[in-house]
Every structure is written in structure tokens, then in C-alpha cells.
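Subject: Structure for you to look at

Dear colleague,

Please keep it in view while you go through what follows.

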Amino acid sequence: MRTRRTTTPALFVAVPMIIAMMIAACAVYVALNQPWLGLRFSAAASNGVKIIHTAPNGPSAGLAEGATITALTAENGNRIELLPLDAVEDPDTAANYAIFNEFLERQQVIADILRSPRVVLSLSDGRNVTVSPDKRRPLASLTMDFWIMIVIGLLGVLTGAWTLAFRREADVARIWALNGVALLLSTFPAAIFLTREIAVDGALFRLLSTVNFAGSLSFCIFLFALFLIYPRRLVPLYLVAWFGISIAVCTGIFVSLYVVPSFLGRVPSVPQWIGYALVLFVHSSLALGIFRYRLFELEIWSFRILFYVMGVLIF
């Protein structure tokens, strides 16, 4: 009699996580493979972009925080007058597609200028400062926001793969796993363009924005599909209420912090990683239901497998 071979749960969890970590490494590579002035900017200036942080050992170490850069000029004479729009984190807040496309075109011009061996920074006080941008960003220049979004994406894949490993035949587990992949597709591109210094190539930015949108939309679709089939078996009403309230509260906070300001033509006042953290909370609220109430009828030993795999991946 032939023995049927099946993939062990640990391997079923480890393989997707290894792939996800390889994709995370690619995201880090793309983020670092950008010219670097050693500055962080804000769109708060009325004209140009305002320096909010200067790296002590960066190419622009002599520039004071609080100064406003109004223009960039490349060594070949190519010049662009900077606008507060150039320092906006997410162009999805643009009022229309014309502004969105203009933003991407300007991103391309700025990125090309920053690849020049020497760049002249024109300040609002009339000074012109010449700097030589580094060809690549140092790893230390990646902000905490970047790493938080990478971790959120990895956790989404981890929880999805873990659930699917023990209930491969369950539709709910499959949807939850796809939901985790969608979260990764949303967070990884956002980690790159939200934490850029000031510009990345326009074509790259458009690709990242498209993948980010596709991931976010897929997350919502899979979450809706989850509600269509959940729960198939009768469970206590308060359990359904917990899951529903967690989603309603997080969705309400997200809409208040990000959607409403965008509709009013304002830039959201809080970092976007907070929004992704809320999404992760929604994604993880179901994990709490699994652990406490065994919604998918997983055994306790399955959690031991999860912790073992996490330990292997970390160490």
C-alpha cells in the first residue's frame, strides 16, 4: 500500500515565510538603491520643501534643520523648482489624476537630478549650496516607519500560512492566507515610497503605487469574502460581536485619520504606518478568536509549531 506524502505544518509555514523574507530583502535593496542627500523633508513649507532632519555624516551635513530648499540644479544645468507637493508621502491624496501624474513626472526629474555627481541646492534665503549625493542610501537611513511596515507584511504572511497549514481544506483558512499575502503586497511597496528621501524614479513609483493599491483592494475583497462564509458553524453571539466590533472600530479610525482628510483636500496628519498597524490588528483579531475560541478548531499544539518556526526564522 502506497503511503501518501504530505507536507509537514512546520514546512508549510516556513516556506512562505522564507519567500516573504526574500521579498522583504528585495524591498530593502530597492529602498537603499536610491541617491541620498542625508536629509529628511516636510511638505509644510509654503514654497519648496522644508528640511526636518540632517544626517550628521551625510552629504548635506552643513545644512541646518528648518531651512527650506526651493530648487535643485544638476551639474548639466537641469533644474527644477521644488513644490511642497514633492515632499508629500503618498500621492493618493492628490485631488485628481492630473496632479497625480504631475507628481510622478516631477519625481522622475528630481530623481534624475539627484543622480548628478554634484547638485546645487537653492535655499529660500538666497544661498546656493553644492553637495555630492551618495549613490546609495545607508542602511541606517531607513526610518522606523519602513521597518514597521515590513514587519506588518511579514506578520500577515506568517499568520495566514500558519492557519492554512492546519486547515488546508477550509475555505476560511485559504481566504485568511490570501488576506495575509494581500497585506504584504500593500505594505512592502508603501514602505519604499512612503519613506523615500524625496524622490524615486517616476516609473518605479507608479509600479509601487499600483501594487500597493492592488494589495489594499485585495485585502478588502478577501475580508468581505470572509464575512460571506464566516462563521459556518454556530458560535456565541459575543464572539461574532468581538470580531465585528474590532473591524468596525479599526475601520472607523482609519477613515477618520486618512480617508476624510483626503476628501477634504488635506494631507493626513499621522504616519501611514499607523493605518497599516490598524489593518494588522483587524487581521490578528481573528487569530485571537482562534486561540481563545478555536474558531477553526485548531489544536493547542499547532501554536507550538508556530513558535518553533518563528524561533528558527529569527535565530
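The largest cavity is lined by Ala31, Gln34, Pro35, Leu114, Arg137, Ile192, Arg196, Glu197, Ile198, Ala199 and Val200. Please bear in mind that this is a predicted model. Sorted by class, the lining of this largest cavity consists of seven nonpolar residues, one polar residue and three charged residues. The space within the largest cavity comes to about 70 Å³, and the count of cavities of 30 Å³ or more is three.

Helix H4 covers residues 171-194, and it packs against H1 at an angle of about 20°, with the two axes 9 Å apart. Because angles under 35 degrees count as roughly parallel, H1 and H4 are described as roughly parallel to each other, and their crossing is right-handed.

How do H1 and H3 pack, and at what angle? Helix H1 (residues 9-32) and helix H3 (residues 144-166) have their axes 9 Å apart and pack at an angle of about 160°, and H1 and H3 are therefore roughly antiparallel to each other. The crossing of H1 and H3 is right-handed. Among the residues that make this contact are Phe12, Met17, Ala24 and Ala31 of H1, together with Trp147, Leu154, Leu158 and Trp162 of H3. By class, the contact of H1 with H3 has 22 nonpolar residues, and neither polar nor charged residues are found in it.

The remaining pair to look at is H3 with H4, whose axes come within 8 Å and cross at roughly 165°, so that H3 and H4 are roughly antiparallel to each other. Here the crossing is left-handed, and the residues of the contact of H3 with H4 divide into 19 nonpolar, seven polar and one charged.

With best wishes,
A colleague

Definitions and conventions: Residues are numbered from 1 along each chain as its sequence is written. This is a predicted model: local features need pLDDT of at least 70, side-chain atom pairs count only at pLDDT 80 or more; totals for chains, interfaces and linings use all residues. Side-chain values use heavy atoms; hydrogens and water are left out. Axes are lines fitted to C-alpha atoms, for helices over the stretch in contact, and angles run from 0 to 180 degrees between N-to-C directions. Helices (H or I, at least four residues) and strands (E, at least two) are DSSP runs, numbered from the N terminus. Angles under 35 degrees count as roughly parallel, over 145 as roughly antiparallel, 65 to 115 as roughly perpendicular and the rest as oblique. A crossing is left-handed if the near helix is turned anticlockwise from the far one by less than a right angle, and right-handed if clockwise. Contact means heavy atoms within 4.5 Å. Ala, Val, Leu, Ile, Met, Phe, Trp, Tyr, Cys and Pro count as nonpolar, Asp, Glu, Lys and Arg as charged, and the others, Gly among them, as polar. On a 1 Å grid over the protein atoms alone, a cavity is a set of points where a 1.4 Å probe fits but cannot get out, and a pocket is an open set with protein on both sides within 12 Å along at least five of seven lines; lining residues have an atom within 4 Å of a point. Grid points are joined across faces, edges and corners, and a volume is the space filled by probe spheres set on the points.
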